[in-house]
Amino acid sequence: MFFCLIQGRLSASDYIIGEDELHQLLKEELQKNLSRETLFTPLPNNLKNVMLSPAHDPVFIMSKGDSYHRAPFDKVLKSVLSSEDTFRLMIDGEVIGWGDGGEIVITGDSTQKGAIVDKDNVIDIRIPKGLKYQEAYQLKGQWFYRTSEGIGKEGLDPIIPKDVIQNVKVINTGENLIVLPVRYFSDKPGDYDIYLIRPEGETFEKFTYKNLPFGGIQGALRCEDGRWIVIGSKISFFKEEFDAEPKEEDIRAVLEAVKNKEQEKLKTLLANISLFPHQYFQELLRQLRDMPVQYRNLMNIESSFISYMSSIRNINVADETQDEKQREKIKKVLDNSLERMRKSIKELDEITEMLSPFSPQRIVELLSRQFQYFDGQWIGNIRVLEADNANAALLMLNYADNDSGEILQGIFHLGNDGHLKEICSSEESIFFLGGHMNFVRDNQGRMIFFAPQKGLFLVDQGKLTKIDQSPTMKAMQNLLGCDRHGRLYFSQNRTTSGHIRYSGRQIWVYKEGFEGLKEEPVKQLPAGVTTVLDSKKRIWFVGYPHQPDIFSGLILSSRSEQKSVEFIEKEIVWPNRKDIEEVMKKDDTRQYLDRQGGNVFCYENEKLCRYPVNADQSEAQIIPGKSDSVYICSRSNRLPTYVIEENKIWEGKDLHELAEKNFDLLLRTAPDRCYIEGVSLEEKNAKGNTKICNYKDIIWICDNNKIEAYKDAKPLFIQKRLELDDGRTNISSPKIFGPVILKGKEKMMIMTNPSYVQDIFWAILGKEGISIERSPEPSWKWPDCYRLTDPGKLACLPLVDFESGRVFYYNGGDRVWSTIDGKRYARIPYSGIPVFVEKEKDMVVFRNEDYYGYRFMGKDICDIKETYVKDLEIIYREKDGQVVCLGPEGIVWLEPDDELVYNIIYEKKIDPRYNLLDCIGKVGEDLYVLSMDDKRRFCIIVIERLPKSETKENET
C-alpha cells in the first residue's frame with residue numbers, strides 16, 4: 001500500500017506541520033547544510049532569500065507560499081529572537097536596515113509594525129498609518145526612514161517630503177545622508193538636485209544644477225574642495241549650469257584641433273563635448289568622416305590594425321584543445337600582415353602622430369558609441385560597483401586602450417580628486433552583462449565577481465583570477481553575498497512542470513575547499529517539449545528541425561556506460577498518399593524531411609527511428625494508440641494529423657476527417673481512455689491526450705475545437721446537442737476524458753470550458769443510444785470565485801479518479817471541491833492542488849498557499865515533512881509505495897514508514913545546469929525517462945536507478 005494509515009490514533013491537526021514546527025525544522029536543516037562538507041549545498045525549501053549585513057552576518061527569510069497573507073508581526077519578531085548564534089531565521093518579514101552595532105530593522109505585515117532588534121533588545125518603531133517603511137539608515141545613533149511619503153525620522157513629518165523627491169538612491173556616509181533622485185537614461189539635458197540631511201538638523205540642504213546633459217544617475221562623490229562629481233551614464237564635475245547643447249564654436253574648434261594636431265587642446269575640448277548625446281553633434285561626426293583622403297586611408301589602416309590585433313589576441317587565448325600547428329600557421333600570417341601595415345603607416349609620416357586615440361576615425365567611432373573623454377581616458381558603459389561613503393567609488397567600465405586601440409574592460413577607482421586609477425583590466429568577457437553580473441566583497445574584503453554561464457572570478461592585487469568555472473557554478477543565476485565564514489550564497493531559478501507552481505528559486509551555499517558534487521555525466525537525445533511512451537515503452541518525441549547532432553545521441557547509464565545509438569531512416573508506406581510515394585522514389589528521404597521540416601522520432605532498444613511526417617516541434621501532440629500505433633496531431637490544427645502503425649502512415653486534415661474516411665483504422669488503433677493533464681502520476685505517459693478514445697466501438701474525438709462521437713464512420717451530432725443544452729451557438733475550449741465509472745456505469749465526461757464547473761456534461765451509452773446529462777449547478781456553498789483564472793488563483797484542470805468517478809477541483813487557498821457522482825458536491829478542507837488519488841478516496845495534494853510542500857489527505861491528514869525542508873517535487877509514484885522526486889541536486893526516492901514519515905532511501909545527483917522538468921515514465925525495471933531543459937533546448941534522458949541490493953552497497 002502506498003500510504004500506511006494510522007486509524008483513530010491522532011487527530012488531523014497532529015499530522016499538520018505548524019509554523020513553529022516548520023521554523024524549527026528549517027533551523028535544524030540549515031545547521032546541517034551549513035556545516036555540510038561539500039562545495040555546493042542546497043539550502044532548505046521555503047527560504048525565499050538570504051540577506052547579509054555589512055558585518056557579513058546572514059539573515060534567512062522563511063517564505064509563505066501565499067504572498068497575499070503575510071505572517072503577523074509578533075511571529076516575525078518571535079522568529080528573529082529565537083534565532084541561532086550563527087544566523088537568524090525570520091518568518092516572512094523584511095530587513096530594511098542595518099545598524100553599526102549589528103542591529104537589524106525589521107517590518108512585518110500591513111499593520112504598520114516594525115522593530116529594531118539587537119541580540120537581546122527590541123525597540124518598537126511606529127510606522128505612519130497607511131504607509132510602509134522601505135529603508136532604514138542609522139546616522140550617529142539616530143534612525144531615519146524612507147517611505148512613499150518621503151524621508152524623515154520615526155513618527156515625524158518627513159524632512160524631505162514626497163512632493164520634492166520620488167524615486168531616490170540614499171548614500172549613508174556616516175556623517176550625513178546624501179539623497180540622489182533617480183534619473184534614468186535620457187537624450188535630453190535636464191535639471192538635477194542633490195539633497196543632504198545632517199543628523200542634528202530637521203531640514204535639508206539642496207544643491208541644484210541645470211542642464212545636466214546625461215542620465216542614469218548611479219552615485220555622487222563629494223570632493224575635498226566642496227565640489228561634486230556625479231556618476232551616471234557619464235562622469236562629470238558638477239557645474240552650476242551646463243550648456244543645453246554643444247556650442248557651434250566648440251564643434252569648429254574640435255575640427256581645427258584635429259587638423260592642426262593640437263592634442264592638448266583637443267583633450268580639453270573632447271572632455272566637454274563628449275558629455276552630450278551624439279544627436280547634438282551629428283555635424284561634427286559628418287565633417288570628421290569627410291576629412292582628406294590621407295585621413296580616410298589612415299582610418300582603413302587603423303581599422304585593419306585593430307582587427308588584426310583582436311585576431312591575434314583571440315588566437316593567444318584560444319582553447320588549448322585546438323591544433324597547435326594550425327594556430328602557429330595562422331599567427332604567422334597575421335604577423336606578416338601586421339608588419340606590412342606598420343610599413344604603410346610609416347609612409348604617412350604627416351599623420352602618424354594622430355593615430356589612436358585622437359585620429360578622426362577613432363573620435364567618430366567612440367563618440368557614436370556614447371564614450372566620453374574623462375581624465376585622459378576614453379570610457380563608456382559605466383557601472384558603479386561601490387559608492388557607499390561618497391568619498392570614492394569603484395567602477396566597472398569599458399575603455400579604449402591607447403596603444404592598440406582595442407576596447408577593453410576594467411575596474412577603476414574614482415577618488416574625490418576626480419582621477420581614475422586602474423585596479424584591474426581583463427580580456428575575459430565577464431563584465432557588462434547587465435543585471436546578470438554580481439559583485440560582492442568577501443569576508444577578507446576581496447572583490448568577487450560572478451556571471452551566469454561564465455563562473456566565479458576574484459580580483460586581488462590587480463589580477464583577475466578564475467575561482468570556479470564548473471558546470472554547477474555556471475548554472476547559478478545570482479550571487480547574493482558572503483558571510484563571515486567565507487561562505488558564498490547563490491540563487492538559481494528553477495523551471496517547474498506545469499501542474500505545480502513553485503517560487504522558482506533555489507538558494508545554494510558555496511564553501512571553497514571541499515569536494516564538488518559527484519554528478520552523473522548526462523548524455524541526452526535532443527527532443528521537443530512533447531515526449532511520450534507508448535504501450536511498448538518506446539520513446540516518441542518531436543525533435544528540432546535541421547539538427548545533425550541527433551544522429552550521434554547517447555543515452556545515460558548509471559554506471560557511466562555510454563551506449564551508442566543506431567540511427568535508422570524509416571521506410572514508410574503511405575496508403576492514402578500516392579503522390580508522396582512518387583516523391584519518395586525521386587527524392588532522398590533526408591532532403592524531403594529538410595524541405596518539409598518533419599522530425600518525429602522513436603527510440604527503442606538503442607535504435608533511433610526517424611519518420612517522415614510534417615510535424616511542428618512547438619505545437620505537435622503525440623498520442624499513443626493500440627496495436628503499436630501512435631497519433632501525431634497539431635494543437636492549432638495548422639498541420640495535418642498522422643496515424644503511424646508499424647510501417648504505414650495515414651494522413652488527414654484532422655481526427656474528424658480520419659474518423660469519416662478511415663473509421664476502421666481508428667477503431668483498431670484508438671486508445672481505450674482519454675486522459676487529461678493533471679491525472680494520476682502513473683498515467684503521465686499519456687499526458688496531454690485529450691483528443692480521442694474508443695468507447696465501446698464508438699470513437700470519441702475532441703479536435704479542432706469540436707467534440708463528436710462516431711459510429712460506423714457516421715457522426716452522432718454530439719456537438720449540436722451540447723450547443724442546444726448549453727444555450728450557446730459555439731462551444732469554447734472543449735475537453736473530453738473517460739470513460740469514468742459512476743455507480744457502476746461508464747460515462748464520458750465533457751468540459752465545454754474548464755474555467756466553469758457548471759459547464760460539465762456526462763455522456764452515457766444506453767440501449768437508446770447516447771444520452772447527455774448536464775451536471776447540476778453547485779449549491780450556494782460553492783465559492784463564488786471558482787473561476788480559476790481569477791488573480792491569485794491557479795488555472796489548472798481537474799483531477800479525475802476514473803475508478804470512483806470523483807472529480808477534484810482546486811479553488812485556491814486550501815479549498816478543493818469534488819463531485820461525488822456527477823451530481824453532488826463536497827468540500828475537502830486543509831487541501832491544495834490535487835496531484836494523484838490513492839485507493840479511490842485518499843489523495844495527495846501540493847500546498848503552496850501557506851508553505852511549499854505535499855500533504856496526504858486520507859482518514860488522517862499528514863504533511864510529508866521531507867518536502868517542506870527540501871525542495872522536492874513528486875514526479876512519479878511507484879507501485880510499492882515509493883515516490884520519485886525532483887530535487888536541486890538531482891533525483892530523490894522517498895519511502896514511507898509505518899508512522900507516515902517519509903525518508904530518503906536513494907539519491908542520484910545530476911549536473912544542476914540540466915534543469916529536470918518531469919518524468920515521462922519507466923521503460924524498464926529501474927529505467928526512468930525524464931525531460932529536461934539545458935538552457936538551450938529541451939532534451940530527454942534515461943536515468944537508471946541501481947537495484948536495492950546495489951543501492952545499499954553504494955551507500956556503504
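This is a predicted model: local features need pLDDT of at least 70, side-chain atom pairs count only at pLDDT 80 or more; totals for chains, interfaces and linings use all residues.
Let me begin with Glu646, which is exposed, with a relative accessible area of 54%, and which lies in the loop between β42 (641–645) and β43 (648–652). Its phi is near 55 degrees, and that is a positive value in a residue other than glycine.

Is Asp92 buried or exposed? Asp92 counts as buried, because its relative accessibility is 3% and the cut-off for buried is under 20%.

Staying with the backbone for a moment, the peptide bond from Gly738 to Pro739 is cis, with omega near 0 degrees, and Pro739 has its place in strand β48, residues 735–742. Another proline, Pro612, sits in the loop between β39 (607–611) and β40 (620–624), where it is buried, with a relative accessible area of 0%. Pro612 and Val600 are twelve residues apart in sequence, while their C-alpha atoms are 7.1 Å apart in space.

Now to a helix. α3 covers residues 248–260, 13 residues in total, and from its first C-alpha to its last it reaches 18 Å, close to the 18 Å expected at 1.5 Å a residue. Its buried residues are Asp250, Ile251, Ala253, Val254, Leu255, Ala257 and Val258. An α-helix has 3.6 residues a turn, so residues three or four places apart point the same way. Just after α3 comes Lys261, with a positive phi of about 60 degrees.

Turning to the aromatic rings, a search of the whole structure finds 19 aromatic pairs. One of them joins Tyr373 and Trp378 edge-to-face, at 5.6 Å centre to centre and with 65 degrees between the planes, and both residues are buried. Elsewhere, Phe40, Phe450, Phe490, Trp508 and Tyr510 form one aromatic cluster, and Arg227 lies over the face of Phe237, at 4.1 Å from the ring centre.

Finally, the largest pocket holds about 1,600 Å³ of space. Which residues are closest to its centre? Of the 41 residues that line this pocket, those are Leu52, Ser53, Pro54, Trp98 and Asp388. By class, the lining has 21 nonpolar, ten polar and ten charged residues, and the strands that each supply at least two of its residues include β2 (47–52), β5 (94–98) and β21 (377–386).

Conventions. Residues are numbered from 1 along each chain as its sequence is written. Side-chain values use heavy atoms; hydrogens and water are left out. Rings of Phe, Tyr and Trp (its six-membered ring) pair if their centres lie within 6.5 Å; planes under 30 degrees apart count as stacked, over 60 as edge-to-face and the rest as tilted. Buried means under 20% relative accessible area, exposed over 50%, partly exposed in between (1.4 Å probe, protein chains only). A charge sits over a ring if NZ of Lys or CZ of Arg is within 6 Å of the ring centre and within 35 degrees of the ring normal. On a 1 Å grid over the protein atoms alone, a cavity is a set of points where a 1.4 Å probe fits but cannot get out, and a pocket is an open set with protein on both sides within 12 Å along at least five of seven lines; lining residues have an atom within 4 Å of a point. Grid points are joined across faces, edges and corners, and a volume is the space filled by probe spheres set on the points. Helices (H or I, at least four residues) and strands (E, at least two) are DSSP runs, numbered from the N terminus. Ala, Val, Leu, Ile, Met, Phe, Trp, Tyr, Cys and Pro count as nonpolar, Asp, Glu, Lys and Arg as charged, and the others, Gly among them, as polar. The expected span of a helix is 1.5 Å times one less than its number of residues.
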